[in-house]
Every structure is written in C-alpha cells, then in structure tokens.
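These are my notes from a first look through the model. I start with terms and then go through the places I looked up.

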Amino acid sequence: MKNLLNTTLLRRAFALSTLAMAAVLMVLVSGCANTDQAAGGDSSDKRPTIGFVQTGDLSDWRKAHTQSVKDAAKAAGYDLKFADGQAKLENQVKAVSSFISQGVDAIIIAPLEVSGWDNVLEKAKKRNIPVLILDRQVEVEDDSLYVTYIGADTYNEGILAAKWLVEKVDGKAKVVELQGSQGASPTINRRDSFREVIKDHPEIEIIASQAADYELTKAKEVMEAILKAKGDEIEVVYAHNDYMALGAIQAIEEAGKKPGTDIMVVSIDGMKSAFEALVAGKLNCTVECNPLQGPKAMEAIAKILAGNTEGMPKKQMVLDKVFDQSNAAEEIGNRQY
Ligand code: GYE
C-alpha cells in the first residue's frame, strides 16, 4: 500500500515535472520566437543602405530635389546616408569615399561637375558598390563605372528656350547669357544647345556671356556690371536657371528698366517663384526642369539591388515643358517647387 502510494506519488511528480518541462520548453520556444522577432527588428537595420551626395542646398530647386530623394528612399524602406557637397567637388569625392569605406549597398551622386570622378568610381567598382548618377552627368573614361544616369534632358531645355526666343523675336535679338557653374553638365548642355539653334539665325547675337554659378545674388552682380557696360543694347537675358533670372530681374529694375518688357528674360527650371515672375510680367519664359527625381531614382535602385539591370538604359531622361505668360496663371497652383 505504502509502495503503491509511493508509486502514485512518483507518477504524479513525474507527470508534473513533465508538464513543468513542457512549460519551460514553451517559454523557451516563445522566447526564441521573441528573439527572432527582435532579430526581425534588427533586420530592419539590415535595410539596404544608400549613400547620397548632393551638390549643395542653394536654391528651392535643390532643396526640392534633396527632399524628393529623401522621401522616396524612406518610402522604399532604405536607410539613406546623406552628404551635402556644399558646392565643392572635393567634398563630394570625400563623401563617396566614405560611403565606400562604410560598405553601403549603393551610391547616388548628383555631381557638381562632369569631371573628377574616375578614381573614386573605380574604387566603388572594385568594392562591387553600384553607382547611380542623378540630376547632372559625369564624363568618365569607362562608362561601366556607373549603372545609369537619371535626370532632366538639359540639352533639350536649351533647345526649347532658344526656339521659344527665335519665334518671339522673329529671329533678331541681342542676348546676354548668364551661365551656370562652370564644368557642370546642365551649363555645358544649356550653353551648347542654345547656340545650336541660334546658329541658323545670324541676327540673334550673344553680346555678353558670363557665369553666375546658378546663384541669385551672383547673377544680380554680374547683370549690374553688364547693364553698366551695354545697357542700351541688351534686348534679352537668357539665364541657365530661374534663380539667376530672378537676380537679373532685380538688376534690370534697379537700372530703371522694365524686365519682361524693355528686356526680355528667358530661363530654365520652372520654379514657383519663376511662375510668380511670369504672372507679374517680369519673366517671359521658363523651361521646366523637374527636380522631383527621387521616385524614379529609387525604382532604379530597387532593380539594381535585385541584380535586375538587364536592358536598363544608360540614360533615363525626363521631358520638360515650356511655360510663358500665356499659360503660367493656370499652372501656378500646381507647382510643387
Ligand atoms: O537647373 C539649377 C540647379 O542640375 C539641372 O542645378 C540642375 C540645375 C538646375 O542649381 O537650378
């Protein structure tokens, strides 16, 4: 009887301990599941890391461009490391080198200038880090150093601006050109394509051409000097971007002339402030150059990270529209930058 009791007690104890062990096991398993979840949380840190180096932040156009890239990267679930080149190529190259040492998964470069990129892009290639060129173009010995270029067709923008002008002035005008920063692809393209069109119109003459680096205050200063030297001759200002056109408009007004009437002003970008100037009659034409390039860039990055680049074009360019005083008022409410 005592033995029986003992055995029963033993059995119960055994059953209990089995239960306890099962419970412990369950805790352990669920603990493991928790750890896995935590690892899943960690794996969000294993989100692809993208390094992005921007040219600077000097205009609303540039700010809109940066924001578009940041927003699109966030929406795509990427960890974006951002570097501002502060208008210095050297800073940009350093930032790319640092992205390479950090072992990012891909690099996006908005290059200040076309040259100076071969060495650092070779380093990226050696480390198998793909590079996407955004907004402005590069000139490299070996095109395989980057996967693709995404941006506006800045050559076409100069063509559109020139064609608009030729028609409005009936093939005859004395033009001042305000160029963007030297060595930048939109400057080269907008300069060359404008000339490509006017070469067939010998009475369209560029009487002065100077760099104002895409900056408003610089453009104002440059324009003041040109107005002093050639004030009475100037019929048209062709500015490589809206910011410089706005600077020129201020200089023209301060010189006692009416921008948009006495001197025609043509520019590129299509910023909201340019639309305001169009509506006010101070600017005559702006060719759109859309800075909202983030979504397109991230689409390409997704393909690149998936190794799915077959058939990806080397250049992916967005087409631009022309706006003038005839259609500015109806569009101004839609401008996002
Ligand atoms: O037109 C200008 C900016 O690179 C196309 O750069 C871009 C140009 C844009 O500073 O406003």
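This is a predicted model: local features need pLDDT of at least 70, side-chain atom pairs count only at pLDDT 80 or more; totals for chains, interfaces and linings use all residues.

I take helices (H or I, at least four residues) and strands (E, at least two) as DSSP runs, numbered from the N terminus. Residues are numbered from 1 along each chain as its sequence is written, and side-chain values use heavy atoms, without hydrogens and water.

Entry one, loops. I looked up Asn 128 in the loop between helix H4 (118–126) and strand S4 (131–134). Asn 128 is not a glycine, yet has a positive phi of about 60°. Its relative accessibility is 68%, so I count Asn 128 as exposed (buried is under 20% relative accessible area, exposed over 50%, partly exposed in between, with a 1.4 Å probe and protein chains only).

I found Ala 87 in the loop between strand S2 (79–84) and helix H3 (89–102). Ala 87 also is no glycine and has a positive phi of about 60°.

Ala 255 sits in the loop between helix H8 (242–254) and strand S9 (264–269). I noted a relative accessible area of 44%, which means that Ala 255 is partly exposed. Its C-alpha atom is 8.6 Å from that of Lys 228, 27 residues apart along the chain.

Entry two, a helix pair. Helix H5 (residues 154–168) packs with helix H6 (residues 185–198) at about 40°, axes 7 Å apart (axes are lines fitted to C-alpha atoms, for helices over the stretch in contact, and angles run from 0 to 180 degrees between N-to-C directions).
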